[in-house]
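Please read the points below beside the sequence and the model.

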Amino acid sequence: MPPRQFLPRHVVALRVSSILVLLLLWWMASEAMRDTQILPGPVAIGRTIIADLRTPGPYGESPYFDIGITLARIFIAFTTSMLLGTAIGLAMGLNWLCERSLLAIIPLTLTTPTILMVFLVIMWFGYSEIGGLVAVIAVVTPYVAVNIFEGTKAMDKSLIDMATAFKAKRYQSLRKVYLPQLTPYLFSAFRYAFGLTWKIVALAETFGLKYGIGYMFFFWFQQFNIAQTLAWIIMFVALMLILEHAVFARLEDRVFAWRTAHAR
Amino acid sequence: MTRIWSRKGQVRRQSAYLPPTPQTNRRLPGFPRQGPKPGRTASSAITVDGLIKRYSEPASQAEFIVLSDISLTIGEGEFASIVGPSGCGKSTLLNIIAGIESYEGGVVAIHPNAVVGGAGPNIGYVFQTPRLLDWLTVEKNIHFVLEAQNVPRSRWPELVATNLAMVGLAGQERNYPRNLSGGMQQRVAIARALAIEPDILLMDEPFSHLDAITARKLRFDLVDVLQRAGPTILFVTHDLAEAVFLSDKIYMMSTKPARIFKRVRIDIPRPRQPEDEHIVELEKTLMREFFSVVEAKD
Amino acid sequence: MLAEKIPYPTFLASLSPFFASLRPIAPSALTLAAGLVIWKLASLFFLPVFFPGPDMLARRIIEIYSQPSNYVVVAETLSRIFEGFLISMLIGTTLGLSMGLKRSIEIFFDSWIMVLLSFPAICWAFLSVLWFGISQTAPVFTIVLVVFPFVAMNIWAGTKAVESDLIAMGKVYRANRFLLLRSVLIPQLMPYIFSSLRTALSLSWKIALVGEAFGVGNGVGQQLINWFQDGRVDMMLAWGVGFMILMVLIDLFILRRWERCVFAWRSRIAT
């Protein structure tokens, strides 16, 4: 039986209803536990978020400063890990010596729990911006490196040989044959690293840094204020999702345009 | 007993109702006498009348007519072929008869001889690729369809042994499909289709993915097997020579939209040799006619 | 090497180079030896409690594992890990299967899964402590909520990648849903189920440590944060690395063995 045809309007209806059901379940759960004050409902959280955006934080800083500094940290950590990771991955792919020496170490860094890495770096570098950033970079870079390395391994040798047979210069073949094949891996590394950076920054801000969204929800956690903790967490996740969608959805279409060309 | 069997809820237009065949006389009017072959008790006749299938693209809401007003009649025990270029909807037609695809107009009727369990006639299907379950042995692959058809377990060993022997693979029960060649895998697929003692055998270009030598051998083996087994067969192919060699009747199909433009009876007596001059002559004629129609469309 | 014969989703292959590199032992062993030497030399510049050398670390690990009282700690953590892991496998597999099989369920839940995947583990750790207090449930809840979306996504991808040809064949022969699931779908899903098993376990134990780091009773995570706050790098590393080794051993000797059994039929094939 051919699968039931899903018209776009069905899809939209389903997506909208899924969000509504989620909100509804949340609201019902919060009503059910109203006495214990454990789960504030969506409306209460909404109000808290709006209030939070107006009141200054524990150090008297504006809430936008917290948001801004988190974003700044993410940006710096992300770009650094991407650059470092790509360089390492490419080095491993192109140079046999690099590959052999790093291949034994990198999986080790991948199996290490991130909390251990963060603790370690903070203990060594102290409670400072550098410490936090190094922690994040140390966790994310190996992932990027492995992804890119996999990409170099999956390279289609026959195409490179073809370029050489046509006497293409090294730079040309690098740009036109090598890099485009690497793009999907770059992209998936990009995407994964982006999500990961957000999570590690949250962790680092909790344990070692001053200011920032992560710091805020840790602060409220220590005060056992459920409403505030939830509010800041939701702000964090919402921001991440919006940025991820805005950045990657657009890029994805451009990057993969040649793939989705109709090859019937 | 005639059972008009059309797919649930999708038939939007009924054409002329077919009169039920009298219970004792299991033959349809107008066809040469075909009794049940020795050793077999069941085969069915297929009647397709005015079949229409449409496919609509969900995004653009455009509709394509895949099959347009197809009518076939295949008597019990007959071997009928459908010949047409690739992509003209032959597989879709088979799927509709097998009951796994819906259709938008016309009637598909199958007249079983024996009342089989209530679920309808036994249909065996051999695909272009063997479609065997790689992680099961040959024996267990056949068990799978026997279980699906609710055949009692006590009969399984005997059915497996008989049918594998029939296709020349006796002793291969415990082997895995990946250890077999393409031709042998396709033989297993045929044995699997026969193991359920089908009333109808549908074959969708079963030899097109094999090399010429293996295909030729398998064609001979098929004819051999079917002399003994004898279900009604609907065989789809793009190879006119193959169709002429194997079948009692050929329907020629053109594409876009798919429709049947010619019906030919092959009266050459069996056993046939592919080099037989009658066959070659017939094939040449049909080929010429075929191309004139198909090329006229382009 | 078995690692090559079993298809892993690409992002997981990061685990396999480690085991694949065990093959040509000599060059990597040299690198490791060189690494150890550099480590030892670097550690001479610092206090052992700040930057322990490999010998110091090894000594501490042996100290920890020779005290029976510590086994209780490790056992606590292990029980939480396995509980969380099992529950996430159950929920994740069911959800992934239904999403792969029914388009309406897929569209409904895929946004939920996306959101859940982006939730930092530490947020769940906080929320679960706020909601469940200091109890066994809190870290298990954290583990389940972080891990099950991964499993669901993996199984979902696997179900969609299943060959529809074989399912069509089953349907033509009138196989009912249960038989199709049992004989056609699940065997094809086995590689995906196993790879999710391994990801789920590896993720579960890391999240368990995060979940335990908030004073949730006794566990390895608790130890980590205590030594962190005391400033003892050597003890913290000892507990962390020691536990890491334990989990890697479990993966190597239990999961891989099991995997090899299930996929034994592949070795019986000539190719």
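1. Chain C has 13 helices and zero strands. Helices here are DSSP runs of H or I with at least four residues, strands are runs of E with at least two, and both are numbered from the N terminus. Along the sequence the pattern of chain C reads α-α-α-α-α-α-α-α-α-α-α-α-α.

2. On provenance, this is a predicted model, in which local features need pLDDT of at least 70 and side-chain atom pairs count only at pLDDT 80 or more, while totals for chains, interfaces and linings use all residues. Residues are numbered from 1 along each chain as its sequence is written, and chains are lettered from A and ligands numbered from 1 in the order in which they are written.

3. Of the 271 residues in chain C, 39% are buried. A residue is buried if 20 or more other C-beta atoms lie within 10 Å of its own, exposed if 12 or fewer, and partly exposed in between, with C-beta atoms placed from the backbone. Among contacts in chain C with a separation of 6 or more, 72% join residues 24 or more positions apart. Two residues are in contact if their C-beta atoms, placed from the backbone, lie within 7 Å.

4. Which residues bring chains A and C together? In chain A, 44 residues are in contact with 42 residues of chain C. Several helices of chain A supply at least two residues each to this side, including α1 (8-32), α8 (170-207) and α10 (226-255). The largest share, eight residues, comes from α4(A). By class, the side of chain A that touches chain C has 31 nonpolar, eight polar and five charged residues. Ala, Val, Leu, Ile, Met, Phe, Trp, Tyr, Cys and Pro count as nonpolar, Asp, Glu, Lys and Arg as charged, and the others, Gly among them, as polar.

5. Within chain A, helix α3 (residues 63-94) packs against α9(A) at an angle of about 125 degrees, the axes being 7 Å apart. Axes are lines fitted to C-alpha atoms, for helices over the stretch in contact, and angles run from 0 to 180 degrees between N-to-C directions. The two helices are therefore oblique to each other; angles under 35 degrees count as roughly parallel, over 145 as roughly antiparallel, 65 to 115 as roughly perpendicular and the rest as oblique. D66(A), I67(A) and T70(A) of α3(A) make the contact with I213(A), G214(A) and M216(A) of α9(A). These residues divide into three nonpolar, two polar and one charged.

6. In chain B, six of the six residues of strand β7 (residues 232-237) are buried. T232(B), L234(B) and V236(B) lie on one side of the strand, I233(B), F235(B) and T237(B) on the other. Strand β3 (residues 79-83) of chain B pairs with β7(B) in the parallel sense over five bridges, and V83(B) stands opposite T237(B). Strand β6 (residues 200-204) of chain B also pairs with β7(B) in the parallel sense, over five bridges; there L202(B) has L234(B) as its bridge partner. Two strands pair if DSSP finds at least two bridges between them.

7. Two loop residues deserve a look. Most residues other than glycine have a negative phi. F224(A), in the loop between α9 and α10 of chain A, has a positive phi near 60 degrees. F224(A) counts as exposed because it has 10 C-beta neighbours inside 10 Å. N150(B), in the loop between α2 (138-148) and α3 (156-166) of chain B, has a positive phi of about 60 degrees. N150(B) is exposed, with 10 other C-beta atoms within 10 Å.
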